[in-house]
Amino acid sequence: MNIFFNVRGTVVRQIAEDRAAVAEPVMNPPRRTSSSHGDRPSTETVQKNNSSNSGVILDISALKMADVDSGVPPLPPRYRFRDLLLGDQTFQNDDRVQVEFYVNENTFKERLKLFFIKNQRSSLRIRLFNFSLKILTCALYILRVSLEDMKEKNGSPCAMNRSNGWNDTSEPPQIKWERIFWVNRRESVWAIQVTVALISFLETMLITYLSYKGNIWEQIFQISFILEMINTVPFIITIFWHRLRDIFVPVFLNCWLAKGALENMINDFHRAIQRTHSAMFNQVFILICTLLCLVFTGACGIQHLERAGKNLTLFDSFYFCIVTFSTVGYGDVTPQIWPSQLLVVILICVALVVLPLQFEELAYLWMESQKLGGNYSRHRAQTEKHVVLCVSSLKIDLLMDFLNEFYAHPRLQDYYVVILCPTEIDIQVRRILQIPLWSQRVIYLQGSALKDQDLMRAKMDDAEACFILSSRNEVDRTAADHQTILRAWAAKDFAPNCPLYVQILKPENKFHVKFADHVVCEEEFKYAMLALNCVCPATSTLITLLVHTSRGQEGQLSPEQWQRTYGRCSGNEVYHIRLCDSKFFGEYDGKSFTYASFHAHKKYGVCLIGVKREDNKSILLNPGPRHIMAATDTCYYINITKEENSAFIFKQEEKHKGLPVSGLYDAPSRLPVHSIIASMGTVAIDLQHPDPPEETSKLALPTENGAGSRRPSIAPVLEIADSSSILPCDLLSDQSEDETNQSDEEGSVGSDFVKGYPPNSPYIGSSPTLCHLLPQKAPFCCLRLDKGCTHNSFEDAKAYGFKNKLIIVSAETAGNGLYNFIVPLRAYYRPRKELNPIVLLLDYPPDNHFLEAICCFPMVYFMAGTIDNLDNLLQCGIIYADNLVVVDKESTMSAEEDYMADAKTIVNVQTMFRLFPSLSIITELTHPSNMRFMQFRAKDCYSLALSKLEKIERDKGSNLAFMFRLPFAAGRVFSISMLDTLLYQSFVKDYMIAIIRLLLGLDTTPGSGYLCAMKITEEDLWIRTYGRLFQKLCSSSAEIPIGIYRTESHMFSTSESQVSINVEHGEEHRDRGGSWKEKTGYRNSTTSDQSEHPLLRKKSMQWARRLSRKNVKPSTRAERISQQRLNLYRRSERQELSELVKNRMKHLGLPTVGYDEMNDHQNTLSYVLINPPPDTMLELNDIVYIIRSDPLAHVPEDSQVGPARCSRNQQDFATETRDETHL
């Protein structure tokens, strides 16, 4: 390195001859000074400077300018320009010297050290050459022994003496010492051995000199140096002393030097190619080399010493060593003289010391390798496909969910799963991975994703995908996200082309992993799903069933009809196919989307829910009848299996079989052919009154030709959209209706709402959604429910006088995820009159950033309190609420026993269940297996029967064994770990995350529909079947139904052996879906019988009574008395609980009028039917899940002026707080 310094200081006096030699390299910057000492000044001062500095530093400021001008050319232009920039400083005063650093590395010794030791590749060649020399010496020794034996066999005196001594066994053999010290060595062999010894000696002395560090005795007494001297110095002496050419030299000891050279060579080799090698491989290699060296040393030593006795051959000695070291000991060949016997004793002692140490080290490394998991073979990675799973800690539930879902797809059966985890493998996980089903396909590696060595062990660069999961059991979820982010960055840095599937916990951390191919934010999905559960019951169950892989075979052996139907429909999943390649939808090219969806469901039983254009990356759910299907469109549909696995039976074959043509389902409730013709054949064109009914949630009867003049008819679904037959934008009309036709008392609630985009987002990356907003932001003091302020004096929910039932959310902190709970409930497509007030019951008060984000939403309040405090529950208005959402708390997620993390939540919910039985409680749990404790009854025989059914399904290998638990089926309990399969399923279906986000309202793509629900009332029962309902919705309002939420009256006997459907009188199998009778039906009570049994019509009650009389044995007098006592005990307990609640309400100054007296309710059960068959009969109070088309997709520009004008003031104050977004 050449650097120019300004040298000032004392003048070094030099002789004139040195000036010229020094000035030339100084004043010519492009040239490098010589590193040899001969070119430098020889004065005493310069030598002193050279010894104290790493380079040459000279001061030539005393040189005369005349000498400089005459002997040195001018500086290059760049230096003159620099001098010009420096001002008045002239070249005469700015003297520079070229300095070269690290000149000590240019010495001859350093260059030799660099070549022989430091340089990886050259030192590897040297060690390879040294190893070859040692092997050559051993081979020459064997050659010399073989030639000597052949010479003795040809009749030499030595051979005669050997044969005489061998036959005379009566006398002890005499030791011939001269045969030990002298051997017969040919001239050619001697010459080669001398040459090799001379080379080895010179190399050893050179390496010793280069590695000298100040202690010569330490290097002299090294075992390797002593062996080298023993094997080389005698041969060098024979060059000068010919009489010693036949002296014995133990050249066979070079095998130990070869062993050391080979170990060093392998280390240098791995260092040169920059790859780490297995310590297990090294130890096995060392052990094998040690055994070989012991056997070779023993064989050669015993053979040579026995030359003085009975003269064993080299093969006999080798045979004796193998028999001895293997502890077999035949005794047919043994050493006869004491020197060889002493050598055997020494070798056995050495083996007893060395080999156990080697085996111990090998066992230790084997145990450690079992913990670390070893490496994933590079050859296997290049020939087989594998994915990498990175986790902080691996639990048995997480592992089984991943493996069951991943290997549920047929095309993934040949994939390997490499688990990379920093913790030691758990005992339960180890046992699972030892099962033959997983042992050949799952590889566990202990290591960190932040280390390139561990990523190399997992062959991340060759992986098909990398799944990075967060540890949700951590108390500090933000810290868990930070670890996940670093793992994602490390994986992307090491393998840029490997697809990443990342699970994040907090929404504010999502933008850090935006580069990943697929990201699932847990809190986003969780809160959006819990919010939709309040308006669309059991949305969590619907989504969970959609993202789980199943064949719909669960519960098919159950004696109960609802379990068979529920299990069969749970096998529906979302699939995709191109229109031109599909038999389901290929014939609808050029037809409207609504037409294709209805006819595909009618003909094949598949439900077309979305489409994607070839030139557009966005998926559109129910784009509406104005969307015309094209051959290049990608269709997304719900079905039991994908079309490629379906068999088609044409009409001609079915006519011969006498079966109806209604799809792929073979349901037990299939109607006769004449019934289907009667119901579907009367579809008449009824376009005289194309306007839709006033309420879109009700499907009114046609009134043409007078009521009852003919059977009700449904308009057909048109191939091409007709603007006169399509329902106009109901939300815009709803808005105008709200603004013009509201009564005075309703106008005070929602007349001042506007529609616009929320101005403040609590985190980066939230999708903008058009919502109902306040014209002006509410002050923070007005958001507090239980405390009055200068703007209002209300201190409890009753004082506000809300028209609709409340939605209460109990959470620990006001995290940013709660924002995703509010947005779906305030979305623009929710009618104003159906907006429910939201109360956030928080353990800790929220910060200003969160309040800034929610202050623009109407009827959103918060209150500090907990659910285990009855006073807090009463103040927040629990008696006026329809839904209570209990969110899992972060502080309870970690416990000494994993499954005890839900203990506090379960007990608190059980208390509220007993205190407020009419309240719909939606609970989030950490572990799905704990849902069996929700609404627990110790003597509930039906729950015990369901527990047995769950165990049976689990033994069959079902991924949804918990699906028959009543709280899960009814959507009353949810665990976020159920959504882990969404990330796993995205590896095969890359569209699943986008579709689920659209269904939950997390994303709002222009032109895409949204999920909502409608209730089947008495006025809608004329439609009769789900297929006719499909046609009615498609033809009238262009809505696509995807499933049914059904609630049935359930009665069962008190004995466990008589569990059957709809056969029980009475106990406390409480309403699991009955709260919807008050929430969505708008109190459609007609008669007293229906008010007592709102879920049963007259015929249903008669059928249940007949079934009860048929299946239930008459109870004896003792049983009736026991049942009466039990009812009396329960009634007294309920009265006690009721008195407790009323006393607390009086103490707080709250009216007790709204509190339910907790009378006995009809026992019910609820479940979800995804994409039921077209001939499924509709029942009263069925909730139908529908995908409604985007009302703003085809609105003219002039109709959007109103909403734009209403949201203009929102944009005005949006910029005020955008800078305060919390990261």
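Contact here means heavy atoms within 4.5 Å. The model is a predicted one, in which local features need pLDDT of at least 70, side-chain atom pairs count only at pLDDT 80 or more, and totals for chains, interfaces and linings use all residues. Residues are numbered from 1 along each chain as its sequence is written, and side-chain values use heavy atoms, with hydrogens and water left out.

On that basis, T634 touches H576, I577, R578, G610, V611 and K612, leaving aside residues up to four places away in sequence. T634 sits in strand 12 (residues 634-639); strands are DSSP runs of E, at least two residues, and helices are runs of H or I, at least four, numbered from the N terminus. With a relative accessible area of 13%, T634 is buried (under 20%, 1.4 Å probe, protein chains only).

Elsewhere there is an open sheet of six strands, ordered 5-4-3-6-7-8 with parallel pairing (strands pair if DSSP finds at least two bridges between them). Strand 5 (442-446) and strand 8 (518-521) take the edges, each with a single partner strand, so one side of each has no neighbour in the sheet. Strand 3 (residues 386-390) and strand 6 (residues 465-468) run parallel and are joined by four bridges; C390 has I468 of strand 6 as its bridge partner.

Helix 22 lies across strand 7 and strand 8, at about 55° to strand 8 (axes are lines fitted to C-alpha atoms, for helices over the stretch in contact, and angles run from 0 to 180 degrees between N-to-C directions). Helix 22 (residues 522-535) also packs with helix 38 (residues 992-1000), at about 40° and with axes 9 Å apart.

Notes: Buried means under 20% relative accessible area, exposed over 50%, partly exposed in between (1.4 Å probe, protein chains only).
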